[in-house]
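This briefing is for a reader new to the structure.

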Amino acid sequence: MSDEKQSDEQMRQEAKVVTMTPEPAQEGGLPSEAHGLIGHQLREEYRRVLAEPLPDKFTKLLEELARSEGQSTSKPESKE
Amino acid sequence: MTAGSTADLQSQLTALVPNLRAFARSLCGAADQADDLVQETLVKAWKSRASFDPGSNLKAWLFTILRNTYLSELRKRKYEVQDHDGELAQQLSVKDSQSGHMDLVDFTKAFAVLSAEQREALILIGAEGFSYDEAALMCGCAVGTMKSRVNRARGKLAELMGVDVAEDFGGEQIPRPRGIAVG
């Protein structure tokens with residue numbers, strides 16, 4: 001049971017962005033229909049934001065960070 | 001750190017930006033504020049990349065940085081969102097007690113009424129598919145606390161949205177959990 005759950009977990013981890021399978025409704029105090037509807041809308045809303053085009057500023061920022069890494073030879077701090 | 005691993009990290013971070021944005025959006029509501037939060041998270045993650053264990057979950061690590069950043073911001077200056085949430089929740093509960101039933105709201109509105117802790121718990125478990133153990137670790141709380149946040153959040157949503165089966169949930173008021181920055 002727990003093994004099965006764990007491998008399911010791993011599969012979901014890997015396929016998370018592509019397919020988000022509904023959670024089995026076993027943990028909550030609400031009947032499964034509520035989990036179904038609420039869970040569905042939650043994932044829909046989340047997916048909608050996930051699918052938004054990525055503004056350039058993020059890739060630019062990461063490029064900049066990577067570039068500054070290449071230039072400075074200082075060791076990364078272990079604690080920020 | 002070699003040039004190869006730098007490029008590697010760069011592409012891994014880039015791939016996770018949409019998730020960070022979605023998570024940030026669910027925490028602070030406003031899109032521009034959320035994007036600022038993501039940028040801050042990326043910079044912090046980059047600076048402290050030496051402390052990341054390559055064998056562990058990068059997304060969980062990034063999400064933890066993001067929510068900690070958000071919470072410390074929240075403590076520093078009170079977000080107007082917080083007040084707005086409180087107001088909306090109050091309006092809704094006033095309606096509830098006056099008429100015996102409340103006007104139903106759609107998911108987005110109902111979600112905004114939840115506390116930051118509840119929104120976070122729902123997203124991590126319900127949308128991102130983290131396990132309760134992982135989510136509890138990320139939020140620095142007990143697994144049981146995480147479960148109860150998710151349950152309360154679901155119950156509150158069902159109540160606000162008028163999901164039929166919520167009738168079965170009982171007439172008792174679900175106590176509104178204390179907000180993170182309140183009190």
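Chain A has 3 helices and 0 strands, where helices (H or I, at least four residues) and strands (E, at least two) are DSSP runs numbered from the N terminus. The model is predicted: local features need pLDDT of at least 70, side-chain atom pairs count only at pLDDT 80 or more, and totals for chains, interfaces and linings use all residues. Residues are numbered from 1 along each chain as its sequence is written, chains are lettered from A and ligands numbered from 1 in the order in which they are written, and side-chain values use heavy atoms, with hydrogens and water left out.

**Chain A**
- Along the sequence, the pattern of chain A is α-α-α.
- Chain A has 80 residues, of which 25% count as buried (buried is under 20% relative accessible area, exposed over 50%, partly exposed in between; 1.4 Å probe, protein chains only).

**Helix H7 of chain B**
- In helix H7 (residues 132-139) of chain B, the buried residues are Tyr132(B), Ala135(B), Ala136(B), Met138(B) and Cys139(B).
- These buried residues line one face of H7(B), because they fall within an arc of 160° seen down its axis (the arc is that of the directions from the helix axis to the C-beta atoms).
- Exposed residues Asp133(B) and Leu137(B) sit on the face of H7(B) turned away from the buried side.

**Ser148(B)**
- Ser148(B) lies in helix H8 of chain B and counts as partly exposed, at 34% relative accessibility.
- Between Ser148(B) and Ala121(B) there are 9.3 Å in space, C-alpha to C-alpha, and the two are 27 residues apart in sequence.
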